[in-house]
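Here is a friendly note to read alongside the structure. Please keep the 3D view open as you go through the points.

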Amino acid sequence: MSDNKIPYKIYLEEEEMPKAWYNLRADMKNKPAPLLNPGTLQPLTVEELSGIFCRELVEQELDETTPFIPIPDEILSFYRMYRPSPLVRAYCLEEKLQTPAKIYYKFEGNNTSGSHKLNSAIAQAYYAKKQGLKGVTTETGAGQWGSALSMACAYLGLDCKLYIVKLYYEQKPFRREVMRTYGASVVPSPSDTTEVGRKILAEHPGTTGSLGCAISEAVEVSVKDPDYRYVLGSVLNQVLLHQSVIGLESKIAMDKYGIHPDVIIGCAGGGSNLGGLIAPFMGEKLRGEADYRIIAVEPASCPSFTRGTYAYDFCDTGKICPLAKMYTLGSDFIPSPNHAGGLRFHGMSTTLSQLYHDGFMEATSVEQTSVFEAAEQFARVEGILPAPESSHAIRVAIDEALKCKETGEEKTILFGLTGTGYFDMVAYEKFNNGEMSDYIPSDEDIAASIAKLPTV
Ligand SMILES: *Cc1c(COP(=O)(O)O)cnc(C)c1O
């Protein structure tokens, strides 16, 4: 063997990549409450769920006991194209803030779809393909999930049917074209391709659609066509499971260099990136092996954890999806249209809801102008132009670092930088023009939608 050969082995050695996903529920004493059938109010069975979701994904969804689930080789090879994702020490931000805190971020925007959603998209597409299906259907709002899923489906040769809220179809042409470039069929919702779509069009001609309606269309197609299943980019346990690669990689790298994060921060929409980032750290906390302060950050305009109620609720405005016990603002709650930062889901992952309820993590909410201030400050020193969603975590990381400056504490902060913001320049434009405002729902607004929670 010659010594001067390029050491391929070294480059491909995925020492900082896990070979299994970590299922946090296995270490929870209080398991998240089960999903219920909205008709019978009984826990959903494998058979019932298999009509909507792929079989192996249903098993992952319901598995509360297996701590490690091996990542299939095909998914590992796909991950290798963009993983391990960078874990970066934000030296320039620390310098700018003049803080004694050490700030690290795990950057998930380093793939074309621009966010962590690809980690679960490839897994869900893989199991659909393995089951011999022709394709998958889903809805997409802001478009990151649709972009990630179309990339994954293109790679595996699966058909990808995306229902996108008509308003965004028209307002966000570039996201739409990314999805079409990767071969997805992008249908503006409501459409005449489904029964529910035709009904809504007849009742509300000229409507620009809603996420609830797009979900109903995507689910209808998957239920009626045996060759298709429905997939979802957040909230579900299976999605948190796939996203555990974020936390496992962070942990492997930090352990290797002897770094112990004191505070772990992530933005929370449906909870998938946060659930993934904190998974192995929370596992240690649950087993009593280590302690971490864990903070979920949500927008003040859609504050599920901080102002919601822990109860069973519908996951969709169309009220056709399973009931989940979670922190919720009510499925009728719609954040103000002036809210530009994503993270609009009215509920939260059942796993994170249970952990929050049991006091294992904190939550805080932030207003959008302060989020964009943090985004801009970060972009100017660290170079990356962050997604508005991710910038919620940046805001709180900066605030924590500034507190350390006051107290002189040398804390180590880890936050999740979930994606890039290139397709959110209309929101940045508003901020740059000084036209962005904050919206905080009143107690009455929230009470009105909470009053409509289903009785279980
Ligand atoms: C979808 C998305 C989020 C929020 O979703 P979670 O499931 O809460 O992680 C955050 N950041 C980016 C960039 C996203 O695309």
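1. Let us begin with a term: a salt bridge is a side-chain nitrogen of Lys or Arg within 4 Å of a carboxyl oxygen of Asp or Glu. By that rule, 1 salt bridge is found across the interface of domain 1 and domain 2. Lys172 forms a salt bridge with Asp424, and their closest N and O atoms are 3.9 Å apart.

2. A word on the model. It is a predicted one, where local features need pLDDT of at least 70 and side-chain atom pairs count only at pLDDT 80 or more, while totals for chains, interfaces and linings use all residues. Residues are numbered from 1 along each chain as its sequence is written, and side-chain values use heavy atoms, leaving out hydrogens and water.

3. Now the domains, whose bounds come from an automatic or database domain assignment. Domain 1 is given as 8–21 + 83–113 + 239–432, and domain 2 as 118–230. The contact (heavy atoms within 4.5 Å) takes 20 residues from domain 1 and 21 residues from domain 2. The C-alpha centres of the two domains lie 26 Å apart.

4. How much area is buried between domain 1 and domain 2? About 1,600 Å², with carbon and sulfur atoms giving 57% of it; buried area is the accessible area (1.4 Å probe) that two parts lose on being put together, summed over both. In domain 1, Ser113, His242 and Phe423 lose the most area to domain 2, together 38% of what that side buries.

5. Next, look at helix H6, residues 118–130. Helices here are DSSP runs (H or I, at least four residues) and strands likewise (E, at least two), numbered from the N terminus. The expected span of a helix is 1.5 Å times one less than its number of residues. For the 13 residues of H6 that gives 18 Å, which agrees with its end C-alpha atoms being 18 Å apart.

6. Is H6 enclosed or open? Because 11 of its 13 residues are buried, H6 is largely enclosed by the rest of the structure. Buried means under 20% relative accessible area, exposed over 50%, and partly exposed in between (1.4 Å probe, protein chains only). Among the buried residues are Leu118, Ile122 and Tyr126. What covers the buried residues of H6 includes strand S1 (20–22) and helix H12 (237–256).

7. Finally, find Asp291 in the loop between helix H13 (272–286) and strand S10 (293–299). Asp291 counts as exposed, at 55% relative accessibility. Leaving aside residues up to four places away in sequence, Asp291 touches His260 and Lys285.
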